[in-house]
Amino acid sequence: MTSKKREVQLQVVINSQSLWDEMLQNKGLTVIDVYQAWCGPCKAMQTLFRKLKNELNEEDILHFVVAEADSIATLQPFRDKCEPVFLFSLNGKIIAKIQGANAPLVSKKIINLINDERKIAAGEMPRPQYHGIALIDSEEDGQAHAGTAENQYTIVIIKPDAMIRKALEIKDTIANAGFAIEAQEKMLLTSQQVRNFYRQMADQPDFEEFVSFMTSGVSWVLVLSQRNEPAVSWEENESQLETESKDSAEEPPEADDKSIPGASKGKRNSLQELLEKQNMAQFCDAERNVNNDTQLIEIFFPDFKIMKSKKLEKVLALLLPNLFEERKDDVLNIIEDEGFKILMQRSIVLSEEEAQTLCKGYENEEYFEQLTEYMTSGPSLALVLLRENGVQYWQQLLGPKTVEKANEYFPDSFCAQFAMGSLPFSQLYGSNSPETAEREIQYFFPEQNALALIKPHVTQEQREEILKIIKENGFVLTYLKEMLLTPEHVEKIYFSITGKHFYKDVLTSLTEGSSLLLILTKWNAIADWRRLMGPVDPEEATLLSPNSLRARFGINKLLNAVHGASNVSEATEAIRNLFGDFMP
């Protein structure tokens, strides 16, 4: 009995992911005996561990644990293997792995690491920059790029029941915790995507119900990487919520931990803990298995590698009045030939204040007043352009500020090519930084919310096709939910026609089965959604707008596939009726 007690005290038992996460908070060295449930820990090494523990006498910085691979998601690569494996975690980072019960090698590794820790504590040597290791063998990891030092990512899913403001709050918390959002998209998840992400929950009795919930509405899917300098560290946030131990506070993450598997996993867990303490964890989940993230990225973002290899940037461009009127098509053709994609365009007449703001860099030039007067003299064409290194490339095409310099030094620049009469300045404008571009695009192309409804008679296959078309037309699915509408719901959507003689027929058709309720977001969303829907009567739509949704999926005026508000005020009121302060 006494012997068994000594063994328990020698090696702490880790048999769940939460205990594993807690173990990674240990200060100093933790020696981990990874074992299979069917064969148990390696008893042959316990004598060595007890000997080292007694001889080194470092209770605070030397820990021994046994970890059951079958119960810990992080240790999935070691399941169903009979050979003993020993991992070495230093301050939460897995830095070494020894396969087999090689006592001399394990002993040497422990002694060397503890001696180094002693020297570091005494100020006799700086802390080495240990490189984390992937838990999976290289020959088994030929395709697992997420385990490399360069590509450490975390996948986060914000669930359908997270209201818009809650989702924004979660994203802000993630950003403040030092993570960069490398990719993000609102998605209507497929059941296979849910099963892949939550595969560890598959044996739970209510898993099928959970899958149904996760596929019932739109989720945010985020790909995160660790920034070198977090805006506000989550350790600081945690300390405001709960007093941490002094040892923990003295162990800040090293600057290069973002590229190390063991350290990244610790940060993932810290993020998860922070979300829990902020009462956000019920609305989102993070993938904790480092070695699985690449597969998930490919499932959710098939073009992620291409996206990362290219620095795609949006830029706001303006064609000033004379150029817009006389040579618009020439400019647009060159823009497309130079590899830009035109995402949005609109004609605008600038106010004096807008012109002065855009021309702030010219305010010391003698022609500043002439320039602002010219910019407000008639309509200009505003464009949102997308290209690799878009901002810098657009600035290169524009050339110098003045026609004189452009003609002398850059005769092929836009400034020289599209000079107008005696005007001394360029006829085109472009954002000078990605940050400026984002602000200007938001100003000149403000987002708008449109309420949309896909009606009960539309089949599942047709629904999927309609959602695909919606996405292809540049709409963002801000909200999507399958609902069995009640008369109260219908009245809130169709409040403008409740007094019409045909309202009862509308009510009957919309309450006979489930509908998809959506909020679509983009610039000019309401008008674009009405254009995409087509005329109310599918027969008329077939003649006038054969590619519209009602022409393709409608049956008659009542069963015309989709619905949308007629104008901004109607859309705003319908959204407010249904969701209150739901929308930001």
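How many helices and strands does the protein have, and which charged side chains meet in salt bridges?

A: The model is a predicted one, and the protein in it has 26 helices and 17 strands. Of its 584 residues, 49% count as buried, and the accessible surface comes to about 29,400 Å², with 48% of that area belonging to carbon and sulfur atoms. Among contacts between residues at least 6 apart in sequence, 78% join residues that are at least 24 apart.

Against this background, the charged side chains can be taken in turn. Side chains of opposite charge can pair when their charged atoms come close. A search of the whole structure finds 13 salt bridges, and one of them joins K51 to E55, with 3.1 Å between the closest N and O atoms. Both of these residues belong to helix α3, which covers residues 46-56, and they sit 4 residues apart, about one turn of the helix. K51 is partly exposed, at a relative accessible area of 44%, whereas E55, at 53%, counts as exposed because the cut-off for that word is over 50%.

Another salt bridge is formed by the side chains of E58 and R118, at 2.8 Å from N to O. Here E58 lies in the loop between α3 and β3, while R118 lies in helix α4 (residues 103-121), so the pair ties together parts that are 60 residues apart in sequence. Both partners are partly exposed, E58 with a relative accessible area of 22% and R118 with 32%.

A further link of this kind joins E482 and R463, whose closest N and O atoms are 3.2 Å apart. This pair connects distant parts of the chain, since E482 is in strand β15 (residues 476-483) and R463 is in helix α20 (residues 460-472), 19 residues away. E482 is partly exposed, with a relative accessible area of 39%, but R463 is buried, at 6%. Salt bridges also link K522, D528 and R531 into a network.

How values were computed: Residues numbered from 1 in each chain as written. Predicted model: local features only at pLDDT ≥ 70, side-chain atom pairs only at ≥ 80, totals over all residues. Heavy atoms only, no water. Helix = DSSP H or I, 4+ residues; strand = E, 2+ residues; numbered from the N terminus. Buried < 20%, exposed > 50% of the residue type's maximum accessible area, 1.4 Å probe, protein only. Contact = heavy atoms within 4.5 Å. Areas by Shrake-Rupley, 256 points an atom, 1.4 Å probe, with all protein chains shown as cover. Salt bridge = Lys/Arg side-chain N within 4 Å of Asp/Glu carboxyl O.
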